[in-house]
Structure formats: structure tokens, C-alpha cells
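Hello,

Here is the structure we talked about. Please open it and follow along with the notes below.

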Amino acid sequence: MAEQPRLLEGLDPEQRQAVIAPRGPVCVLAGAGTGKTRTITRRIAYLVQRGLVAPQQVLAVTFTARAAGEMRTRLRELGAAGVQAQTFHAAAFRQLRYFWPRVHDTQMWPLADNKFRLVMQAAHRLGLSTEREDVRDLAAEIEWAKASLVGPDQYPAAAAQAGRVTPVLPQQLAQAFAGYEKLKNEARVLDFDDLLLHIAAILEERPDIAEEFRARYRSFVVDEYQDVNPLQQRVLDAWLGSRDDITVVGDANQTIYSFAGATPKWLIGFPRRFPEATVVRLERDYRSTPQVVDLANQVIGAARERPAGTRLRLVGQRSDGPRPDFAEYEDETAEAEAVARRIARLAGQGVALSEIAVLFRVNAQSEVYEKALSDAEIPYQVRGGERFFARAEVRQAMTALRTALAHGAESGDLPATVRDALREVGLVDEPPAGGAARERWESLIALVELAEELVAAVPDADLARYVRELEMRAESQHPPTVEGVTLASLHAAKGLEWDAVFLVGLVEGTLPIQHADTDAAVEEERRLLYVGVTRAREHLHLSWALARAGGGRRFRKRSRFLYSLVPDDHPAALPNKVRQRELLAKPKKKTNPRCRMCNAELVSTMDVKLGRCADCPSDVDEGLLEQLKAWRSARAKQLKVPAYVVFTD
Ligand code: ATP
Ligand code: MG
């Protein structure tokens, strides 16, 4: 018999305590890089090895498909193959596909392949703007509502209470939301949040199904619990029923999805909800050098509000590394070119490209880096943008591959067959220089590489097997990986780590983002910086540019978060006088004006302009309303709300 993996090796006493805790509630509250994910993976493997739970009775949920994939690989290595590690959505999808026919007497409705179009139709019917950015804002707000368990009727009140800056009048949003739901039901399709809503409802309303479910799954584990939203928590409660075999880990200082409805309150409140829980706090940071840890402590130490239980200080465990570096550039192009040069230098020193990441606040920042990296002939992959299988070129490619399969188009060499089929949708041999064409090429070439991987794993795989593999991946959102430098938004980077991390574009208006106009929103931006800093194992480079790509006249200011971080003896340090002035500047305080008719607090920007709430009769003329709509739509374009990337990889 093969020797069993030693599961308690390489753990510190606190991590070990969490691993060996008896079945029942366990909570690990700890900072970044302290081994939370390692601890829960070991705990699952330990319970399985000891025979305390069968692998198929464990359900572990993580935030991204990539994290889930990594956890499954680790569990296999640790002798616990068969444990389900999935995103909330993927887990719900699987369960719903199983139970739906029993509840509704039909096959499960498919996922909407173009949710955006449905939102656009709903907006169009109401005479709202159908411009891309406006529709995206609407869709994001509908996602917030669904994640917050708020229906169309409750939306205006809930949005006001949560202080949402709504993209259209709250009443209009509620109508668009209702219209979208109706269109979606008529088309008999589901969106991602429906997966969670339906499975929760089924388990809540059908005791027979709940019983069957609970006989199957007995032990639950949640990573990144600080970013759970009310909808996910409801699903978790439905899974759990009255049982308490649940392990959660998280870091309230890494809550970065509260704009989308997430809240750390369940993480912080866990020990109160389960007074008998094993609660473990970890402080030793195993990921980063003491230099990086020091900077991370400074970033989060400056936070304005730190609820009890989040005041943890990280203690670096690794040996010394280079000091984090700061640099200021004339414009974004110069910044991106300098980053590309530094990456080339690191690669020359032996750092693997897959161990390097460039992280930014909004996806739009990626373009200038894509160009600089392709000019420098450095391969890269963009993560967390549009969902891989939702991209137009990937959908076209799937159609082309199915057509090829139907015609029997096969040469015996699967990668060559795939490559030939993808020529139909524009795959060329040489990578295009940059921009959209390059991104399209990267997607298509990733599909060819997937064929190569498949053949390596299953030598006699044919086109039919490959198409099946793709369909399975599309269903569970497991995009193929591309080797190279990672370009990702800070949101998409959570939980991950690289040897070298470049945090770029650190200017006011970008981090903190322009629409972060309340203290709470600024604090979330600070936590994003903390997440970014703590992704680095060794090399950390922070930079900003004083103008947009290609110069431009508008001068930008470095991010306020940098003032106290750049050391005095650093060339990028500001003169003391300027720094003091900036540090002492009062934060912008947001007080909402009130409706001049009923005195209700005004939430949407449009309401504020009109000086009245949506419930009071309009006394403005149509012309002014049109002007305001145009102004609102122009403003919406400046403000880029980050895509909610839970399901992307
Ligand atoms: P995050 O908050 O960013 O998700 P985390 O707390 O989940 O971080 P892990 O990703 O589990 O941290 O661990 C960070 C790194 O430290 C990993 O490379 C992990 O392998 C390593 N590590 C964790 N615990 C130990 C340990 N006891 N000894 C050595 N290395 C460790
Ligand atoms: Mg983790």
C-alpha cells in the first residue's frame, strides 16, 4: 500500500488546530498569505484520511473556477480525490440539473447565453438608453439586487437604504428588472443568480429533496467567506439545514465585493452564531517577504474602520527580499513600456513568466499593457475580463467545431484538425500586434492548446471527445489556461500569488476609483490595494503615471494611499510639505440632499439634479429631463463599474 501523505507536516500549531478540530463548526479568521486555503485543504484531506467523512460527502466552495481547480488538484495529491471543490454557481448548477426535472417535470432550463441582450431589450421597452455602458450598469445593478435578495418591487426602498447610486431612477430600474425577469422566463432560460435562487428555493420548499441532499452532503467548507453575499449565504443555509458541520475561512480586510452585495458580517459573526465553534486566528505570513508584509501592514493599518476581529497584524516568515519599488511616469504608455522592460529583466534573471502578474483596478487599463507586452514579444493572458465561453469568438469557434464534427472534417491529428476548423473563424498563424484582434487570437489559440493538452492526457482523443470536453468546460466555466504573464484586475487576483507583482495605474480616480465617493467606498478601495500588495511573494512594484496614454493635457495625481507608503529616501517621495497638505486634507463627506416635496433622502444622481425623489410627481419639463438623461449617460461612461467576476477565471 502506498504511504499515506503526512497531512500535519508543514503546518504551524494554529493551522494544525484547525485541521484536526472535530467535525462541527470551524472558523479561521486570518490575514492574507497565512495559509487559510492550505489549512482547509489539509483539513478536508485529514478528515477523509481518518475515515471521518467520505470524499463525496464533502462540498467545498471557493470564489473562482481557478481556485476550485487548484483545490481539486491539491486534494487529489493529498489522497482525497472525489471531493467536490467548486464555485457556488458551479455547485448550484450541478445540483439543480439533478433536482429540477423532479420539481418542474421538464429538463432544466439552459443558462442564458446572452443575458446582456435581455437587459437591453428590457431597457429598450422602457425607452431607457440601450448604449453598451448604460446597459452594463443596469445589468450590474440587477445583479446587486438579486445577490442581495431584493426583488423588483422592493428595489427602490432597498437601494435607498443601501445608499446605491442608481444608474437610472430607482423606479425605472425596478421596471427594467421586472421586464428582464419576464423576458428571461419567456425565453425559458436562467441567469447565474437564478441557479442559486432556484436551488435554495427547492431545498427550502421540498423536505423530501432536502433530506436526500443532506444524506449526500454532510460536510461544507467555504474559502474567502468574507465575500459571501446574502444570496450565497441563503444557499449555504439551505445546504446546511439544522446541521453545523461547516468550516469557513476568510479575512475581513479582503472584502472587495461589497459593491456587489457581499458582506463580512457572517464571517465576523460566525463565532457568535456557533458558540461551540473552533475559532483559529493565524498571523504568520508564509507567502511574502518581510518587506512585502511590512507594506501590507502599512496599507491596512491606515484603514479608517477596522471591526473587531479584523485587527490582525501579519508577521513575515520568509527571508529578506528586495524592497518594494515605487515609480512615477510621465504617461501611461511610458509606465507600461517600463513595466514590460522590467518584466523582461526579471525573466532574464530566471523568474518564470507565469510567476509574474500585472494587476490593475479596471479592465480598461489592460489595453496599454497588452500593447507594451506584445511589442516586447512577451506572452500574456488576460484574466477576469469577459467570461471565456461567453466571448463571441469562442462561441463562433464552438459552432465551427460542431460543424466540422458533423461533416467528419478529421485528419487523425487532433490539434491540426482543431486548428483547421478554427481557420474558418479567423485563426491566423502569427499573433496580431495587440488590441481586440490579439485578444481574439489568444482565445482561439487557447482552444488549440487545449486540444494539445487533451491529446497528451488521452492519446486517442478524437474531435468528438474534444467537443465534449469543451462543452463540459463551458458548462462548468473552466476556461483553458494560457501560459505567460497574467494581466488581471485586482478583483480577479484574490486568493492567488505570484513571485513578482506589478500594481499599476495607482492614481486618484482609478484607485480609489472615481465613483468611490463615500468613506465606505474609499475603504473598499484601500482593501483592494491590500489584496494587490499581498499577492506578491518577492518582487513588488507600484507605479503611476501623471497623464493618460499618449500624453494628454489632464494631469493626474498619485493615489492618496501612496502618500504614507513611499519611503522618504525614495526618489518618488513627495516633498514633506506637499505630503502633509495631502494627508491633512479632509476626506470628502457625502451627505445626501433631500426631496424638496417629501423630504426623503435622494439616492440617484438624477434625483439629486431634479431635487425630488422618484415617488413625487414630476414638475420638470421634458426638455430638462432629456438633458439630464444625456448628462447621466455621459457620466456613466466615465465611471466604469468593475465586472462582477465571481464565475470567471
Ligand atoms: P489569501 O488570503 O491570499 O487567500 P491564504 O491565507 O489562503 O491567503 P495560502 O494561499 O493558503 O494563504 O498560503 C499562502 C502561501 O503560504 C502558499 O504558498 C502556501 O503554500 C504557503 N504556506 C501556508 N502555510 C504554510 C506553512 N505552515 N509553512 C510553509 N508555507 C506555508
Ligand atoms: Mg486563500
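**What was found**

In strand β5, Val248 is the bridge partner of Val222. Keep in mind that this is a predicted model.

Strand β4 (residues 219-222) and strand β5 (residues 246-250) run parallel and are joined by 3 bridges. Both belong to an open sheet of 6 strands, in the order β3-β2-β4-β5-β1-β6. The pairing in this sheet is parallel. Which strands stand at its edges? They are β3 (84-87) and β6 (278-282). Each has a single partner strand, so one side of each has no neighbour in the sheet. On average, neighbouring strands are turned by 15° against each other, direction ignored.

Helices lie against this sheet. Helix α2 packs on it and touches β1 (26-30), β2 (58-62), β4, β5 and β6. The direction of α2 makes about 165° with that of β5. Helix α4 (residues 88-104) lies across β2 and β3. It runs at about 110° to β3.

Now go to the other sheet. This one is also open and has 6 strands, in the order β9-β14-β13-β10-β12-β11. Its pairing is parallel. The edge strands are β9 (325-329) and β11 (380-383), and each pairs on one side only. From one strand to the next, the twist averages 20°. Look at strand β13 (residues 498-503) and strand β14 (residues 536-545): they pair in the parallel sense over 5 bridges.

Next, the domains. The protein chain is divided into domain 1 (13-93 + 205-282), domain 2 (115-195), domain 3 (315-385 + 485-584) and domain 4 (388-476). The C-alpha centres of domain 1 and domain 4 lie 35 Å apart.

Where does ligand 1 lie? Domain 1 and domain 3 both give residues to the shell around it, so ligand 1 lies between them. The ligand is surrounded by 19 residues, and the closest are Gly35, Lys36, Thr37, Arg38 and Tyr286. Helix α2 (residues 36-49) gives the most to this shell, with 3 residues. By type, the shell divides into 4 nonpolar, 9 polar and 6 charged residues.

Two helix pairs remain.

- **α13 and α20.** The axes of helix α13 (residues 290-301) and helix α20 (residues 519-533) come within 9 Å and cross at roughly 175°. That angle makes α13 roughly antiparallel to α20. On the α13 side, the contact is made by Val292, Leu295, Ala296, Val299 and Ile300. On the α20 side, Arg526, Leu529, Tyr530 and Val533 take part. These residues divide into 8 nonpolar, no polar and 1 charged.
- **α6 and α8.** Helix α6 (residues 132-147) and helix α8 (residues 170-186) pack at an angle of about 80°, with their axes 10 Å apart. The two are therefore roughly perpendicular to each other. Leu138, Glu141, Ile142 and Ala145 in α6 meet Leu173, Ala176, Phe177 and Tyr180 in α8. This contact divides into 7 nonpolar residues, no polar and 1 charged.

Best wishes

Definitions and conventions. Residues are numbered from 1 along each chain as its sequence is written. Chains are lettered from A and ligands numbered from 1 in the order in which they are written. This is a predicted model: local features need pLDDT of at least 70, side-chain atom pairs count only at pLDDT 80 or more; totals for chains, interfaces and linings use all residues. Axes are lines fitted to C-alpha atoms, for helices over the stretch in contact, and angles run from 0 to 180 degrees between N-to-C directions. Helices (H or I, at least four residues) and strands (E, at least two) are DSSP runs, numbered from the N terminus. Angles under 35 degrees count as roughly parallel, over 145 as roughly antiparallel, 65 to 115 as roughly perpendicular and the rest as oblique. Two residues are in contact if their C-beta atoms, placed from the backbone, lie within 7 Å. Ala, Val, Leu, Ile, Met, Phe, Trp, Tyr, Cys and Pro count as nonpolar, Asp, Glu, Lys and Arg as charged, and the others, Gly among them, as polar. Two strands pair if DSSP finds at least two bridges between them. Domain bounds come from an automatic or database domain assignment. A residue is near a molecule or strand if its C-beta atom, placed from the backbone, lies within 6 Å of it.
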